[in-house]
Amino acid sequence: MVFVDKEYIASLGIPFYDRESDLVELEKILGRGLLLVYGPRNVGKSELIKYFSWRKHIPLIVVDYRSYWDRREWLRARDLLSGFIEAIMGSITGIPFPGRIVDLVSRLLERFKARYRGLLLFLDEIHLAYSSRVEAVTSLEALAKNILFGGSNGLYVVASCSEGFIASPEILPRIIGYGVNRYLVKPLEYSVFRELAIDYLCRQGVRGVDVEALYNVLTGGCPGYLREIVCVGCGNWVKEVVETLVQQLSKLSMELNVESLELVKKVSDLLDTVVDPLEDPRKYDLALRLLDKNIVYFEKVVDRGRIKYIVHPQLPLYKHAVLSIAMDRTLDPIDVCNRVGFR
């Protein structure tokens, strides 16, 4: 039976579905320093953290860098009183550098610790605060040290990021050494996604959708895509997703100096397979490059003491599109939508 919390309304306008095992794991590791939450886009990372704070009655400050990515400039931190008022409201409207946010909230916590048992600071999509991976990693190291040695007991700091930007197997060990814990948020199981999708689509007045095909062909267990598909139309959404994928593969083709069709065939063979970095470094390098471009995400597995990675496509649609291109077929967005039941 799927767990549903009807007292909480998620950003999709529906109750919170499942994630009970995630909530248990978060409670175990939260408070041990900076927690980096990563996973596929639209998998529900932000909703999970917001729900966790609500369920545990921990006051939440959300800094959403998606609202500021195009400005590339950070405003001065407000004074303590203004910052406290904004904390009560649940967001900070003037976005300073992440380290300054932690300092501000740490001082707020010290001033009001008699009133609150703790504060949860959520730096959502933190990679958008930086112009390069080097800058991001260096700043995260400093931020983690600030949290670990700053003595701010009761201040919980969680950051979410695009898994391809700073959550690769090459980068994570470096920031983990500075007291960064990480947690992979996986796509929802089909049984959960089915209940969630039916609820959302019914509320939106959408009928006749084959949810199983929606899961296997388009979105996988990433519920955040439901709103996009309904709002822009299935055909437009498929077209935009495939165009973005082709652009990224074209860039990668030029970077590697490999013919496009040859690269696509390699990618097609790589998706949903297990890669051993030691046994096949070339495949692993290609997988890392696909991760960097947010075409795939990794799931770490340990096999007989060896660390390997399952290379999952960000979206099932990516796999279908790559396979079509490799077989020299045209992927018609209308046909795809008809297959799923969006007409």
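Q: pLDDT is the predictor's confidence in each residue, from 0 to 100; what does the protein average on that scale?
A: The average is 85, and 86% of the residues score at least 70. This is a predicted model, in which local features need pLDDT of at least 70 and side-chain atom pairs count only at pLDDT 80 or more, while totals for chains, interfaces and linings use all residues. Residues are numbered from 1 along each chain as its sequence is written, and side-chain values use heavy atoms, leaving out hydrogens and water.

Q: Which stretches have a pLDDT below 50?
A: Residues 69-85 fall below 50, yet in the model they have 32 contacts beyond near neighbours in sequence (contact means heavy atoms within 4.5 Å). Residues 87-93 are below 50 too, with 17 such contacts.

Q: Why is Lys-293 called buried?
A: Its relative accessibility is 13%, so it counts as buried: the label means under 20% relative accessible area, with exposed over 50% and partly exposed in between (1.4 Å probe, protein chains only). Lys-293 is found in the loop between α13 and β9. Leaving aside neighbours within four places in sequence, Lys-293 touches Gln-248, Lys-251, Leu-252 and Glu-255.

Q: What about Val-180: why does that residue count as buried?
A: Val-180 comes in at 3% relative accessibility, so it gets the label. Val-180 is found in β7 (residues 180-184), and beyond four places in sequence it is in contact with Leu-34, Leu-36, Ala-144 and Ile-175. The C-alpha atoms of Val-180 and Lys-145 are separated by 8.8 Å, although these residues are 35 apart along the chain.

Q: What covers the buried residues of α14?
A: The cover includes α9 (211-219), α11 (234-256), α12 (260-270), β10 and α15 (333-340). Among the buried residues of α14 (residues 316-326) are Leu-317, Tyr-318, Ala-321 and Val-322. Asp-328 follows α14, with a positive phi near 60°.

Q: How do α9 and α14 cross?
A: Their axes come within 5 Å and cross at roughly 60°. From α9, Tyr-215, Asn-216, Val-217, Leu-218 and Thr-219 meet Pro-316, Leu-317 and His-320 of α14. That contact divides into five nonpolar, three polar and no charged residues (nonpolar: Ala, Val, Leu, Ile, Met, Phe, Trp, Tyr, Cys and Pro; charged: Asp, Glu, Lys and Arg; polar: the others, Gly among them).

Q: At what angle do α10 and α11 pack?
A: α10 (residues 225-232) and α11 pack at about 120°, with axes 6 Å apart. Tyr-225, Glu-228, Ile-229 and Val-232 of α10 make the contact with Cys-234, Asn-236 and Trp-237 of α11. These residues split into five nonpolar, one polar and one charged.

Q: Which residues touch the most other members of the largest nonpolar core?
A: Leu-214 and Leu-218 do, in a core of 78 residues. Such a core is a set of buried Ala, Val, Leu, Ile, Met, Phe, Trp, Tyr and Cys residues joined through side-chain atoms within 4.5 Å. The largest share, eight residues, comes from α11. Apart from this core lies another, of 31 residues, including Tyr-38 and Ile-171.

How values were computed:
Helices (H or I, at least four residues) and strands (E, at least two) are DSSP runs, numbered from the N terminus. Axes are lines fitted to C-alpha atoms, for helices over the stretch in contact, and angles run from 0 to 180 degrees between N-to-C directions.
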